[in-house]
Amino acid sequence: MSEIQLKEEAKKAALHAYAPYSKFKVGCALLTKSGNIYTGCNVENASYGLTICAERNAIAQAINAEGQIEIETLVVYTPTPSPTPPCGACRQVIHEFGNPEVFSFCNSKTSNKHKMNDLLPHAFNLKKD
Ligand code: THU
């Protein structure tokens, strides 16, 4: 599965974003270890705090379809001049489902790539004894 295809899917997903408050339309595409792609856009709410980010929406789609997932690659598109990696809340949620490569791209040619564990060192883990 090519990074180019995931980028196309992420940008397409952003077209469906519901972002009447911020006007900031984000799209995400992820590839699961089982070889399927899922996409998501951000869904805002009048109460602001209930907004769902594109990344968490894509993860919910994947879980809904497959039950258990491991994320291999996650790509996020933001309508910005420079690439913007996922927000802190999304980092913790992505971490729950593996240590994927996370690509961020935008409206310029620059993009970046990080391993999830580098984006969120010392992530919260629920370890019970
Ligand atoms: N947003 C995302 O979809 N993903 C992120 O990682 C950061 C922010 C959305 C939330 C909100 O709808 C808009 O971008 C502005 O913050």
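Me: In which helix does H95 lie?

Reply: This is a predicted model, in which local features need pLDDT of at least 70 and side-chain atom pairs count only at pLDDT 80 or more, while totals for chains, interfaces and linings use all residues. Residues are numbered from 1 along each chain as its sequence is written, and side-chain values use heavy atoms, with hydrogens and water left out. Helices here are DSSP runs of H or I with at least four residues, strands are runs of E with at least two, and both are numbered from the N terminus. On that basis H95 belongs to residues 88-95, which form helix α3.

Me: Does H95 count as buried or exposed?

Reply: Buried means under 20% relative accessible area and exposed means over 50%, with partly exposed in between, for a 1.4 Å probe and protein chains only. Because H95 has a relative accessibility of 16%, the residue counts as buried.

Me: Which residue in β3 is the bridge partner of L30?

Reply: Strand β1, residues 27-32, pairs with β2 in the antiparallel sense over 5 bridges, and β1 also pairs with β3 in the antiparallel sense, over 6 bridges. On the β2 side, L30 has Y38 as its bridge partner. On the β3 side, the bridge partner of L30 is L74.

Me: Why is β1 described as largely enclosed by the rest of the structure?

Reply: Both faces of β1 are covered, with G27, A29 and L31 buried on one side and C28, L30 and T32 buried on the other. The strand is therefore largely enclosed by the rest of the structure, since the buried residues of β1 number 6 of the 6.

Me: Within what arc do the buried residues of α1 fall?

Reply: Helix α1 (residues 3-14) has L6, A10, A13 and A14 as buried residues. The arc is that of the directions from the helix axis to the C-beta atoms. Seen down the axis of α1, the buried residues line one face of the helix, because they fall within an arc of 105 degrees.

Me: Which exposed residues does the face of α1 turned away from its buried side carry?

Reply: What covers the buried residues of α1 includes β1, β2, β3 and β4 (101-105), where contact means heavy atoms within 4.5 Å. The face turned away from that buried side carries the exposed residues I4 and E8.

Definitions and conventions
Pairing = 2+ DSSP bridges.
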